[in-house]
Amino acid sequence: MLRRTLYWSSHYVLIGLYVLFALFPLFWLIKVALTPNDLLYSEGIRLWPSRTSLEHFRFVLAHSEFPLFFRNSLIVSSGTGVSVTLISGAGGYGLSRFSFRGKSLLVALMLITQMFPLVMLVAPMFRLLAPLGLTNSLTGLVIVYTTFNAPFATFLMQSFFDAIPKELEEAAMIDGATRFGAFRRIILPLTLPGIAATGGFVFTAAWSELLFALMLNSSSQASTFPVGLLSFVSKFSVDFGQMMAAGVLALIPACLFFLAIQRYLVRGLTAGAVKG
Amino acid sequence: MGPDHDQSETEPEVSAIGRRLATGAEPYLYTAPLLILIVVVMLVPLSVGLSYAFRDIQLLDPFSGGFVGFDHFRELEADRNFRAALLNTLIWTGASVALQFIFGLILALLLNREFPGRRLAQALVFLPWAVPTFLVGLDWAWLFNPVVGPLPGWLFALKITHDTNNLLAAPGTALIGPIVASIWWGIPFFAITNLAALQSIPKDLYEAASIDGASVFKQFRSITLPLLAPTLAITILLRTVWVANFADLIVVMTNGGPADSTQTVASYIFTVAFRRLDFGYASCIAAVLLILLFIYALAILSLRRLIMRRQS
Amino acid sequence: MRAALGLAATALGLSLSTLAQATTTLKLVEVITSPERTETLKNIVKTFEDANPDVRVEITSLPWGPSFEKLATMVAAGDTPDVVEMPDVWLALYANNGTLESLEPYLKTWQHTSELNQRTLQLGRVVRSTAYMLPYGFYLRALYYNKRLFAAAGVSAPPRTLDEFVAVSKKVSSLPGKYGYCLRGGAGGVNAWMMFGALASGSDVFFNADGSSTFTEAGWIKGFSTLANIYKSGLAPKDSVNWGYNDVIAGFYSGTCAMIENDPDALIAIAERMKPDEYGVAPWIKGPSGKSFPTIGYTGWSMFANSKHKDLAWKLIATLDGVPGNLVWNRRIGALPIYTAAVKDPLYADTRFKAWFDELTDPNVVPMVMPVDLRAWALFASSIVPRTSQSLLLGQITAPEMAQEWAQIMTKAKQSQK
């Protein structure tokens, strides 16, 4: 009994520490966003300002094209999430179930694409996309982001598929189903947590990506919100309060999205089915 | 490697059928979109980028572009800044990935148990990943700032530091700031991937082991770790590669300083490309980094194959 | 997927409709962006569009932080605007490659050319004696000081000489948690090093006749070590070794350090956060030679050589830099005017600008132009200076060693740019 109490109390203490560690910097973001400019430095170290103000949030919403940036980020991130899930789901399944000529080459290529510093790819990529009209466009960003995220997503999906024995769909195929049908009806439901996790990663990666959003798109019509955040760091004004306010506003959808995915991860569907 | 079927009778039958069912074109159909996308959108610019390593490309000089062969590589060999940056990269990458991994795995293990409030705790601890990296850098830079952040005061009170100066301003401790920030940001990555993988391990394996009297540690070592190993290998590999190439946090928090003490290869490439405007030399450094990372990847993948072969 | 196709279709439709109207579109890029500046710019541009009904100006605002990389990437890929905001430190990089159009022919026939003060044309012509840009304003350094901290430390007046400066710093630094000087040890700190070096050496000459650098002269070295010692003896915050523009301004208005040398545009940020009785501005200090050398910087408008609408682009520049436009612009951004008559504008009669105008009229104050005409200057200022000066501040190298390294680089840059 003592052992169980000890175990569970240390369990809760550890979880508590993790939650504290994760939340404290976010709390600080909110705290700075709510601190009026004149108290920003004089009360810098305090855990909570003596007077809070919504002036930064008002400024961000009124003076920048934030709703537009938000909308653009949403379009790009959802587009990327969907296309990566489709392409990497198929690719991951293929890598998991088959061995074929060129498989190692494909894997090597995918790895290599992750290893080159993106900074050096900006110029050649700009030159590639500009004549196609894909610079200054959201579509261009979706294509670029999908390509960057696909290798990682594919590897991840592959490992989730690997955990499910081939026998499952082969049994279904003996009964007359097509491979794709078996894939859809049997394998997919089992790997839903994995797919959800991968989709979540890709969405957030696309949501917070800055380098290509900045370099490939110039007009505010095609800017995503990280680019919008940068406009608060101008040369002649240190508007940290506004920047933190903008950051807080932008985190809301990402957080909501994560909350939605939790349910899938927790369900733990795989545990039950594999037994059988 | 899977559930313990009674495979003695059905196995030969299934394998034969399996071979018949796997038609020739199928694998290519599944992997084609992926391949096309990668080749067209990434490999073409990548090859162009790599080719710059053999040419003299000055960004704003339209008349540059001549072929220089291995000149850049010779220059790299003698470059002291590069060697210093390489050392910093090893420290930066090693510390970041190792600590993210350890803390992330512990978190995944903690979350793998059902307990009241788990869903809430899970949602909260994964939040850091949703923050854009330069905002992470700014946030932590503020946290470490003695005038506006609480950390210097706390560290001093806890006797971890002997003054309330900014860690980021001293060459010996400056790298700690970006490392801590990257750990904060990166724990959710390992926690999520490991948790999803942990949840696909059948619970009855643990039950059987408990019945056999195996301790928690032994169960972890003989069940969890081996089954987790393939995912672990890939996530550690990819994370290392990303972190090695990742200059955002460092640039925002210390700009490579003070006195280049936090300059890593990735931020050095940026400096050469966009300050010296020498795209040729920058590409050369990037190519060398690519080779080093590729060797590392091969090592990890061989390890992974070894582990998987030992399992089956 | 459908959304993507929809977007593509809309884009196609829009571009077709613009063709049908036969309006000319000029592309204008601003690089020192802030919400207030963009708004002011849009207003000025509107007056241009009203005067030229079939011209539309497309403004692209680059965030300042990565603006250099962004513009360079765009230009390297051929995506160039017609008119661009050009800071002095970038000018040599673009002008020397034939990327920019010479404005000389337009200036010859422009009605306002004679009303410009002589500094404007002189500085616009630093590269190959050709006006590759038309400055819109000047940034001259002066000394901002914190009146409250001075009172608390028993300092009655701002320092006028180098020795007084060090003495005042010592007094303020004796207050717990306070420092005398907001040192800019990180990006952009080159101005301070040049100013202290010139002060101690009594001259703003960077190169000898043969193109060799003067940095290794005893005077310059003394200036460098004076500044380094200010940091090493604790007269500047320990953090400041990494401080950039935003940090020094924040250090000043948060009351952490009492003195900062900066341009009139810093007034905007400071005035928003400090009350008028809390701070003051004085002319920059003089050295042992009795002379002062505050650095002068400038930004302006340039035209790209591959612009397809050069005459229209010039008209846009003329509007931006014209008499009403330029004043409105400078009022917003806080730079010193390019027109001789502008000194009489009520904006500049404000007591806060007094320090700068005193500097401009004092014969012992020599505004120092840094060698921005050298192609290697941008790299030197943005990368080499921070790294080596930080090494000096941290005691890793000595002042003569740093001066030697700088001199080598500068000599090579000057002599290879004949």
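**Close-up views of a predicted model**

**View 1. The two domains of chain C.** The C-alpha centres of domain 1 of chain C and domain 2 of chain C lie 29 Å apart. In this predicted model, the domain assignment of chain C places residues 22-139 and 297-354 in domain 1, and residues 142-293 and 374-416 in domain 2. Where the two domains touch, domain 1 of chain C contributes 12 residues and domain 2 of chain C contributes 11 residues. On the side of domain 1 of chain C that touches domain 2 of chain C, helix H4 (residues 88-95) of chain C gives the most, with 4 residues. The residues on that side of domain 1 of chain C comprise 9 nonpolar, 2 polar and 1 charged.

**View 2. An open sheet in chain C.** The order of the 5 strands in this open sheet of chain C is S2-S1-S3-S9-S4, and their pairing is mixed. Strand S2 (55-61) and strand S4 (134-140) of chain C are at the edges; each has a single partner strand, so one side of each is left without a neighbour in the sheet. On average, and with direction ignored, neighbouring strands of this sheet are turned by 20 degrees against each other. Strands of a sheet pair through backbone hydrogen bonds, and the pairing may be either parallel or antiparallel. Strand S1 (residues 24-30) of chain C and strand S3 (residues 83-87) of chain C run parallel and are joined by 2 bridges. Opposite C:Val84 in S3(C) stands C:Val29.

**View 3. A helix lying across the sheet strands.** Helix H13 (residues 310-320) of chain C lies across S1, S2, S3, S4 and strand S9 (296-303) of chain C.

**View 4. Helices H17 and H18 of chain C.** Helix H17 (residues 377-393) of chain C and helix H18 (residues 399-416) of chain C have axes that come within 9 Å and cross at roughly 165 degrees. Angles over 145 degrees count as roughly antiparallel, and H17(C) and H18(C) are therefore roughly antiparallel to each other. Their crossing, that of H17(C) and H18(C), is right-handed. From H17(C), C:Phe380, C:Ile384, C:Thr388, C:Ser389 and C:Leu392 meet C:Ala399, C:Met402, C:Glu405 and C:Ile409 of H18(C). The contact of H17(C) with H18(C) has 6 nonpolar, 2 polar and 1 charged residues.

**View 5. Helices H6 and H8 of chain B.** The axes of helix H6 (residues 133-144) of chain B and helix H8 (residues 176-198) of chain B are 10 Å apart, and the two helices pack at an angle of about 125 degrees. H6(B) and H8(B) are therefore oblique to each other. The crossing of H6(B) and H8(B) is right-handed. Residues of H6(B), namely B:Thr133, B:Val136, B:Gly137, B:Trp140 and B:Phe144, meet B:Gly177, B:Val180, B:Ala181 and B:Trp185 in H8(B). In the contact of H6(B) with H8(B), the residues divide into 6 nonpolar, 3 polar and no charged.

View 6. In chain B, 83 residues are in contact with 84 residues of chain A. Helix H2 (residues 26-51) of chain B supplies the largest share of the side of chain B that touches chain A, namely 18 residues. This side of chain B, which touches chain A, has 64 nonpolar, 14 polar and 5 charged residues. Towards chain C, 21 residues of chain B are in contact with 25 residues of chain C. The side of chain B that touches chain C has 11 nonpolar, 6 polar and 4 charged residues.

Technical notes:
Residues are numbered from 1 along each chain as its sequence is written. Chains are lettered from A and ligands numbered from 1 in the order in which they are written. This is a predicted model: local features need pLDDT of at least 70, side-chain atom pairs count only at pLDDT 80 or more; totals for chains, interfaces and linings use all residues. Domain bounds come from an automatic or database domain assignment. Two residues are in contact if their C-beta atoms, placed from the backbone, lie within 7 Å. Ala, Val, Leu, Ile, Met, Phe, Trp, Tyr, Cys and Pro count as nonpolar, Asp, Glu, Lys and Arg as charged, and the others, Gly among them, as polar. Axes are lines fitted to C-alpha atoms, for helices over the stretch in contact, and angles run from 0 to 180 degrees between N-to-C directions. Angles under 35 degrees count as roughly parallel, over 145 as roughly antiparallel, 65 to 115 as roughly perpendicular and the rest as oblique. A crossing is left-handed if the near helix is turned anticlockwise from the far one by less than a right angle, and right-handed if clockwise. Two strands pair if DSSP finds at least two bridges between them.
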